[in-house]
Amino acid sequence: MKTGNRLTALIIEDDLEMAGLLRKLLRSRFSMNIEVAHDCATARRLIRDTEFDLITLDYRLPDGAGLDLLDEITDGIEHPPVIMVTGHGDEEIAARSFRSRASGYVVKDESLPEMLGEAVKKAIAQISLKSVERELLEEKLFIEHALNSLPDIFAVVDLDGKFFRWNSRLNEITGYSDAEITSMHMADMFRPEDEDAVNEGMRRMTEEGFGIDRVTLMTRDGRAIPYELNGALLHDYEGNPIGFGGIGRDLSGRGVPVADRLRLQLGLEELVKDSASELRAASDELRDALEETSRAGEALRSGERYYRSILDNSIDVIAILDGSGNMMDISPSVERVLGRAPSEATGRELLEIVHPDDAAALQDHFRLLVKDPGRSATVESRLRHLDGGWHIFELVGRSFMMEDGAVRVVENARDITDRKSAEMELRERERQLRLITDNMQDVIAQVDTAGVFLYVSPSYGTLLGHDPAESVGRSALEYLELIHPDDIDSFVRAFQTIMSDFEPARLRYRFKHSDGYYLWLDSVGVPLYDQDQNLSGAVFSSRDITEAAEAEEALRESEERYRTIFDLSPDFVYLVSPNGSVVDANRALLERTGLSLEEIRRTGYMDFFAGEDPEGLRAAVGRLMSGGEVRGLVVRARSGTGKLYYYEINAIPLMEGDKVRSILSLARDITGRIRTEEELRSLNRELEGFAETVSHDLRTPLTSIKLAGETLARMWQKRDEVEELGSEIERIAEVISLSASQAEALIEDLLQLARAGQQPSEVVRVDISKVVARVLEERSALIAERGTQVEADESLGTVQANPSHMYQLFGNIVDNAVRHNRNPEPRVTVRYLGSDDGSHHYSVEDNGAGIPPGDRENVFLPFFKGEEGATGIGLAIVKKLINLYDGSIEIAGDAASRFNFTITDLPA
């Protein structure tokens, strides 16, 4: 709908972002009202309900092809300009678009705004030109109607006195036809003795602008009628004289009274004045439109090479002919279609290869185009192939007036031989189809647009016990009493869908047999159209499905029981199709993934797995697709929040004959079991470390203390014999002190490790940037000694945690990176990788040699000694803390010198 003088455009585009861009471009540059359709069905409805000035059309739409919709839009004489806007640009598509009368063709690339703007300007010029042409035509019809309603004769002659406009009253009075009047001079209408008076009147009108004369009009049959002529000199909108116009009043008594004549004359003068003003305005608008069209024409001529490529790559034969029917240019496809080289066809008359029986029709078709430039016309004709055979072609022609006044005709010839053969075959098939419908078990019925039966197959009596002959001529609605009461509403809705919405419909309903019981029928109804694509009725095909309906009801009850069990299962149960898409899933799986059933059906089962063992997973799928089973398959998969869980999967194929119809899978969450097993293994390894520490590392200083004590006792017993007894006692005391300190440090490490796994009593919001700053400040001497450059993100986020835990966590990781980096220019970076759902992701990386492959599984074990002989509990404490915060840690980087870890907020 137009709002004021604003144009209304329809954007047909399935991509939401592209549709928004097109809307913005059209609104900002051309101030248009915009409607948007994302599919063919919506577009058809909007076009049916709204008069659009401009349409942009995508090449591909979810429910159909854009080119097919283009054919529908441009099928009539009047249609809005259509601009193809597509990301699938090639010359063939462009040629096909222009053959279907597209106004423009724009590719979705960086030039889209500029090219679309030019295409829309050209389309607006066409709209303006058509509007002016329509207004001029309406004005012309109005003036002609007004002139033909005059009781007096009216005529316009040029400056030489030749007729070029007159009303129908002149034909009625004189008896001359339009063709005869066209060839006559004004003086030929009157007695020879009036010739001087007529010439004198024309001279007076030329000099004075107006004149009145009495003359005698001679009719074709020789009657003489006295007339009074009132004439005036006519000018164009620039003031140049162009001819004479006059009204003649019958003075023999058959004319209208003078007062009426004067009233009509004054009315006509006012009409001419008003029309002249409107025509001048229309002329100005037309001139502007023509200038815009001229600019568009310049752009079009600049693309001559592009459109030449369209001609050269056309599938149909495109020929350009002069006004005499000689072929001036022809597309190379003529060689493929008719076996003739383009050079052989160029310069010859088209009639030379036309079947003699079709020559007259083709000549009429061509004359019509030449006579009326700008017109389109279609004709069918047989053209001779080089091998002598005749091919049937549909020729669609359009004529154009060149700048020099010459007429050119463009003919698009499409070989429809196969289609014609198909039509003949179709008629034979129709005869055979009638035989089939008369002898098939399904009930076939045809109704007209009023719902009256035109045909009912004999199976109506066989299947339902009713006489088919009695139904012909009766309305289908008369049979509602035979339809089960519960099915009447759905039957009527489906019937209206076909007859009112022109859409196919399918329904199931119960129909009463002549013996009184009901049968289930499955009916399909489709609308029928005549040759002009007008609805002519509908055809229905009905099949007895009583046994199947009863079986489906039993199956439905069984499925309801199955669905109850399916949804109540705490395990994840799902069906997968052979192509890998999820067909069905129970409630537990939907809740875990956070997806609806419709959303999960649009995904593949592989989308959920972590991808740790793709080959093993594909091997399992291969076994299932070959009919085998899978038992106890352990995999990791993501939840709706991205969190990874372990599942144990058991699956079996559901067969249909020897083919797999679908795969039924049951997945049990074993994350807790896996973690318990991992924790148990970790505890065992820790216990082994404790045992080794207690048995070796702790025993070593104790043994040293014991040996020192024994040595001191022996030495004291022989103190008289020992030289420098004091020095020896001091040395033994130092050994005992050092060993005791070593044992004490080891025991403190054990206590720290034990405390690291305990739940904290204090949980607050901890600023990690401040924690890392404290760690770096306390280790500044070590960092300076090693010459290490430490970089940390300006913001490292905040975590809901115990402050001491965060200090231990980041202190041990940073300390490890600084102490064990042997790069000549050591560097350590601390990065915050963001957060999601309360989980915070970090990385600490150094540029050292990294952790050797053989040690990567052991670095998080207690008392794994480093190269400097430390007790090695730092990373073990880190691991315990990360586990406490439900996180994870991994060794990454090209040199295995980066720790990526995640920690999760604790509840406040």
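The model is predicted, so local features need pLDDT of at least 70 and side-chain atom pairs count only at pLDDT 80 or more, while totals for chains, interfaces and linings use all residues. Residues are numbered from 1 along each chain as its sequence is written, and side-chain values use heavy atoms, with hydrogens and water left out.

**Exercise 1.** Determine which residues of H1 (residues 16-30) are buried, and where they lie around the axis.

*Solution.* Begin with accessibility, where buried means under 20% relative accessible area, exposed over 50% and partly exposed in between (1.4 Å probe, protein chains only). By this criterion Met18, Ala19, Leu22, Leu25 and Leu26 are the buried residues of H1. Seen down the axis, they fall within an arc of 125°, and so line one face of the helix. Turned away from that side are the exposed residues Leu16, Glu17, Lys24 and Ser28.

**Exercise 2.** Describe how H2 (residues 40-49) packs against H3 (residues 66-73).

*Solution.* Take the angle and the distance together: the helices pack at about 15°, with their axes 11 Å apart. This makes H2 roughly parallel to H3, a term for angles under 35 degrees. As to handedness, H2 passes H3 in a right-handed crossing.

**Exercise 3.** Locate Asp837 and Asp886, and classify the exposure of each.

*Solution.* Asp837 stands in the loop between strands E31 (827-836) and E32 (839-846), and is exposed, with a relative accessible area of 61%. Asp886 belongs to the loop between helix H28 (874-884) and strand E33 (888-892), and at 41% relative accessibility Asp886 is partly exposed.

Methods:
Helices (H or I, at least four residues) and strands (E, at least two) are DSSP runs, numbered from the N terminus. The arc is that of the directions from the helix axis to the C-beta atoms. Axes are lines fitted to C-alpha atoms, for helices over the stretch in contact, and angles run from 0 to 180 degrees between N-to-C directions. Angles under 35 degrees count as roughly parallel, over 145 as roughly antiparallel, 65 to 115 as roughly perpendicular and the rest as oblique. A crossing is left-handed if the near helix is turned anticlockwise from the far one by less than a right angle, and right-handed if clockwise.
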